Amino acid sequence: MTQKYNIPELLSPAGNLEKLKVAISYGANAVYLGGQDFGLRVASDNFTEAELSEGVSFAHERGAKVFVVLNSFLHDEDLEKLPKFIKLLSELKVDAVIVSDLGVVKTVLKHSKIPIHLSTQASCLNAFAAKLWKKMGVTRIVLGREVSIAEAGRIKKISGLEVELFVHGSMCMAYSGNCTISNFTQGRDSNRGGCAHSCRFEYSLDFKDKSIDSKSYFMSSKDLEGIKVLENYISHNIDSIKIEGRMKSPLYAATTAKVYSEALKHYAKKGHFYSTDMKKWEEELRKISHRDYTEASLIKKAGKDSIFDERESTKEIKYKNIGLIKDVVDQEFLILNVKNSFQNDDELEVLDFSGNTHHIKVEKIYSILGQEITKTNPNTLVKIPFIKGASNLNMVRMCV
Amino acid sequence: MKLTTYFDKSLSISALNSNVEYIFSFKPFSRNGNLNLEDQQLALQTLEKKIKVVLEIDILVTENDFLALIEQIKKIDIKLLKFVRVQDPGVLNYFLDFFPDSQIQLVLENGNHNFLGIKAWCDLVGKRLDKVVLSVEIPGAKLANIIKNLNYPVEFLGLGPILVFYTPRPLLSSALGDESLNDEELIALGKSEESPHKGFPLTQNEHGTFMYHIKDFCLLDETPELNKMGLKYFRFDPRISNRYDLIDNINEHLKNHDRAELIKKSYDRDIMKGYFRVNKTDVLFPKLKNNRIKRIDLSFCGSVLEVIKEHYIALEVQEKNIQLGDELKLITPEGKEVLLSVKSLRNTSLKDQQQISKGEIALINYKRGVWPKSSVYYL
């Protein structure tokens, strides 16, 4: 069967330079990232100028694109600093900026020719809105998560703009950009990067007229997972599918990029998603830290089953991130930067860039000094015997 | 400065004040609508009394719902579309395209905190802009500056609830475990042990779920200041407090600025000035991450991956090469600075090297006080 539609771009989060390299190495066609200011993840590492430069080079050398977020709702004093940063982004030849504020749109247009993507933060939900933003210079719309895939296809068709739609990751319960709980209760502007995640708290609800006193995590959303409806994204000609999670681990960046890129490659080759691999892809996505999954509004409006009525920390994670391969020494050893400890007889899984998972039982661990050890500690470097197919930046995980 | 407020069926049309602008919030169009479409007659009667009537369409609308919205708009008497109050840019565009006689009241209350953006929105609507409604997160001094330079009339919330959360999902019926109530109007008060604030008013209706701050925003004491800065419209929203009886008093207060205490005393809900004096909602940001390990590009060498006491410090060389004899400064995650001369330099095969390249791991001589994740700089 031949390919029937265009394959969408796979857009991954890059919270820092390491995650950028990991995501692209595992198959992302594009990454989005933030500089030190103007984004919505102030607690993330983000990129310095030198890191941005290196990240853009790394991406472009591998045919991947880099989009930079400028999606805070900026106040006047923030806006004053923006032209200098835009000039830098222009010099670095980033592929687009992601913007939610019209003042930022105007500033970008004045100081550069960088394509402008409208952030989901602007909650663009319909074709009339998309056409208005197009008039204002936007070239792509990152649609609100309340928009279904079919609606996104229609918005693309009517507006003539590129559309990008989330496919995976955490979700705001509120319309993005329409929640100021943090601003007014914690003194942290959620729309300038300081969200305190008040929607994840447990609340007591007093329904006076119903004589019911209910306690629940009623404002917390399950995480989005669109793997099973990927074909809909393709049939509705969605230009880009986006993974949320700049604050998440390198293992998350690797796993999500790997799974979705494998699925898209499968489609490109076969023209369908009917595959025993679908079950495998779904299982892979359950091996990373996540809340329960939902398709939210991708097919029909999100309802009760999209609410994650649980305390955040109670979710059991069956796999832990062991670390990243930092070096391969003489086809003899892999040097592993250990983030979580493991020991002899544990079974590790090394995820290579070809889509293979190498299962290895740990029989020998050496310190860098060459001493044999039986157990590792976090934030150490260790050597394990070489595995064919493994390379620098491969992720290593373990079932617990 | 004129009063903008909401119409309610409890108000007698004959007693409405011709100096006041009344917003009619019909349930199919408004986040917090209090009128049914059948109540249009009341709006038409108000119009007949030469009182300014504004139709509110402040819901956010997904593509499929837009078609349904258009059908509902068709049910509205054209006379009531003279002044339309919108927030969704799609609804704005629809009215710009299809209702050339409608004057637009543009709600820019979510975000839109810089002059450049606000001005651009206003210019987009141009002559058809009746006024722009600005965010209560804009402090007074900035508001004054915006009003001075904007050349379009501005409205600001003067007394009423602050909407802090808006989702299309039916959260209250879900919490009750009864999806048959999804389109029902539900009310609750919310509190969380993880927040010092108790008693958030929550409402659910056909448009979703809304949460308001526990205190209402109140600038009754600031009316002389608002007047002086040239604010054209002071909004009183009685829909949560249900204090429609205060409309006349507030209208009188806007003329003489002498009833603030009286009104506040009789007001049932707690009040606050929010960020009207100062908005420092970004000052905590530097504390949200450890800036001591934040990379400073100039003279950056790399970061420490491992420290083995008395043996070596392993660092990932991330910028330029490192050489024997280099003088380094290491900054630990706790902020401590450690100076070190590179006297020993080995690669991961433990072979001595003169230099190690960017992207590789270097083992340098151990020095006490250095920890993994320390940042390394050339001196």
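Biologist: Is the crossing of H6(A) and H7(A) left-handed or right-handed?

Modeller: In this predicted model, the crossing of H6(A) and H7(A) is right-handed.

Biologist: Which residues make the contact between H6(A) and H7(A)?

Modeller: On H6(A) they are Ala127(A), Ala130(A), Lys131(A) and Lys134(A), and on H7(A) they are Ile155(A), Ile158(A) and Ser159(A). The contact of H6(A) with H7(A) holds four nonpolar residues, one polar and two charged.

Biologist: What makes H2(A) roughly parallel to H4(A)?

Modeller: The axes of helix H2 (residues 49–61) of chain A and helix H4 (residues 82–92) of chain A cross at roughly 30° and come within 10 Å. The limit for roughly parallel is under 35 degrees, so H2(A) is roughly parallel to H4(A). H2(A) passes H4(A) in a right-handed crossing.

Biologist: Which residues of H2(A) and H4(A) meet?

Modeller: Glu49(A), Leu52(A), Ser53(A) and Val56(A) of H2(A) meet Phe85(A), Leu88(A), Leu89(A) and Leu92(A) of H4(A). Sorted by class, the contact of H2(A) with H4(A) has six nonpolar residues, one polar and one charged.

Biologist: What do H1(A) and H10(A) bring to their contact?

Modeller: H1(A) brings Glu18(A), Lys19(A), Val22(A) and Ala23(A), which meet Pro250(A), Ala253(A), Ala254(A) and Ala257(A) of H10(A). The contact of H1(A) with H10(A) counts six nonpolar residues, no polar and two charged. Glu and Lys are the charged kinds here, because Pro, Ala and Val count as nonpolar.

Biologist: How many helices and strands does chain A have, and why is chain A called as compact as a globular protein of that length?

Modeller: Chain A has eleven helices and 20 strands. The globule rule gives 21 Å for 400 residues, and the radius of gyration of chain A is 22 Å, close to that value, so chain A is as compact as a globular protein of that length. Along its principal axes the C-alpha trace of chain A spans about 65 × 60 × 50 Å.

Biologist: What radius of gyration does chain B have?

Modeller: Chain B has 30 Å, whereas a compact globule of 379 residues would have a radius of gyration near 21 Å. The C-alpha trace of chain B spans about 95 × 50 × 45 Å along its principal axes. Its secondary structure comes to nine helices and 23 strands.

Biologist: What scores come with the model and with chain B?

Modeller: The model has ipTM 0.94 and pTM 0.95. Chain B averages a pLDDT of 95, and 99% of the residues score at least 70. Where pLDDT is low, predicted coordinates should not be read in detail.

Technical notes. Residues are numbered from 1 along each chain as its sequence is written. Chains are lettered from A and ligands numbered from 1 in the order in which they are written. This is a predicted model: local features need pLDDT of at least 70, side-chain atom pairs count only at pLDDT 80 or more; totals for chains, interfaces and linings use all residues. Side-chain values use heavy atoms; hydrogens and water are left out. A crossing is left-handed if the near helix is turned anticlockwise from the far one by less than a right angle, and right-handed if clockwise. Helices (H or I, at least four residues) and strands (E, at least two) are DSSP runs, numbered from the N terminus. Contact means heavy atoms within 4.5 Å. pLDDT is the predictor's confidence in each residue, from 0 to 100. The radius of gyration is taken over C-alpha atoms; the globule rule is 2.2 Å times the number of residues to the power 0.38. Axes are lines fitted to C-alpha atoms, for helices over the stretch in contact, and angles run from 0 to 180 degrees between N-to-C directions. Angles under 35 degrees count as roughly parallel, over 145 as roughly antiparallel, 65 to 115 as roughly perpendicular and the rest as oblique.
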